[in-house]
Amino acid sequence: MIINLLRNALDATKDVSSPQIDILLSAGDTAILTVRDNGHGITDLENLFEPFYTTKKPGEGVGLGLAISSGIVTDLGGRLTAHNGEGGGAVFEVQLPILGREQEAAE
Ligand SMILES: Nc1ncnc2c1ncn2[C@@H]1O[C@H](COP(=O)(O)OP(=O)(O)OP(=O)(O)O)[C@@H](O)[C@H]1O
Ligand SMILES: [Mg+2]
């Protein structure tokens, strides 16, 4: 899931003169991993997580990365969301529950 987010960020910043990808971690009620880039931004937020939605050329992407990633995050009780940054570029946020000792023991 993380590799797909990074791969996508690398692809989106391919033609940018000063490409930048930020990886942020924070923990409060949930654990949050943010992957932020300064690429071309997301053109179709509606279909982003749909299987086989891709803007990449044949051979460069099939459009399964985000569909699979969001499935994995949902299975873990979290959620994967996306939006465009204020200054352009895309922001992906993975929110995961923080398990307490009791829940860990139950697993
Ligand atoms: N960081 C990003 N910036 C802009 N657009 C993005 C970004 N990440 C994903 N997208 C858009 O979402 C589409 C779907 O992404 P997804 O990872 O599901 O598939 P893919 O990268 O096209 O192919 P695959 O991951 O299967 O190799 C991409 O083709 C692209 O249009
Ligand atoms: Mg991908």
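Which residue forms a salt bridge with Glu60? In this predicted model, the partner is Lys57, and the closest N and O atoms of the pair are 3.9 Å apart. Lys57 counts as exposed, at 55% relative accessibility, while Glu60 is partly exposed, with a relative accessible area of 44%.

The chain has 107 residues, and 28% of them count as buried. Its C-alpha atoms fill a box of roughly 50 × 25 × 20 Å along the principal axes. The accessible surface comes to about 7,300 Å², with 54% of that area belonging to carbon and sulfur atoms. Three helices and four strands make up the list of elements, and reading along the sequence gives the pattern α-β-β-α-β-β-α. As for how the chain meets itself, take the contacts with a separation of 6 or more: 46% of them come from residues 24 or more positions apart.

In general terms, strands of a sheet pair through backbone hydrogen bonds, either parallel or antiparallel. Here, strand 3 and strand 4 (residues 90–97) run antiparallel and are joined by six bridges. For His83, the bridge partner in strand 4 is Val91.

Ile68 lies in helix 2. Together with Ile72 and Leu76, Ile68 makes a nonpolar surface patch of about 280 Å².

Back to the charged residues: the structure holds four salt bridges. Side chains of opposite charge can pair when their charged atoms come close. Within helix 1, Arg7 and Asp11 sit four residues apart, about one turn of the helix. Their side chains meet in a salt bridge, at 3.6 Å from N to O. Arg7 is partly exposed, with a relative accessible area of 47%.

Another pair links two strands. Asp22 forms a salt bridge with Arg36, and their closest N and O atoms are 3.1 Å apart. Asp22 belongs to strand 1 and Arg36 to strand 2, so the pair ties together parts that are 14 residues apart in sequence. Arg36 counts as partly exposed, at 35% relative accessibility. For Glu60 and Lys57, the N and O atoms come to 3.9 Å at their closest. Elsewhere, salt bridges that share partners join Arg7, Asp11 and Lys56 into one network.

A last detail concerns the backbone. Most residues other than glycine have a negative phi. Phe52, however, has a phi near 70°, a positive value in a residue other than glycine. Phe52 is found in the loop between strand 2 and helix 2, and it is exposed, with a relative accessible area of 59%.

Technical notes
Residues are numbered from 1 along each chain as its sequence is written. Chains are lettered from A and ligands numbered from 1 in the order in which they are written. This is a predicted model: local features need pLDDT of at least 70, side-chain atom pairs count only at pLDDT 80 or more; totals for chains, interfaces and linings use all residues. Side-chain values use heavy atoms; hydrogens and water are left out. Two strands pair if DSSP finds at least two bridges between them. Patches are made of residues with over 30% relative accessible area and no salt bridge: like charges are joined within 9 Å, nonpolar side chains (Val, Leu, Ile, Met, Phe, Trp, Tyr) within 5 Å. Accessible areas come from the Shrake-Rupley method with a 1.4 Å probe; for residues, only the protein chains shown count as cover. Buried means under 20% relative accessible area, exposed over 50%, partly exposed in between (1.4 Å probe, protein chains only). Contact means heavy atoms within 4.5 Å.
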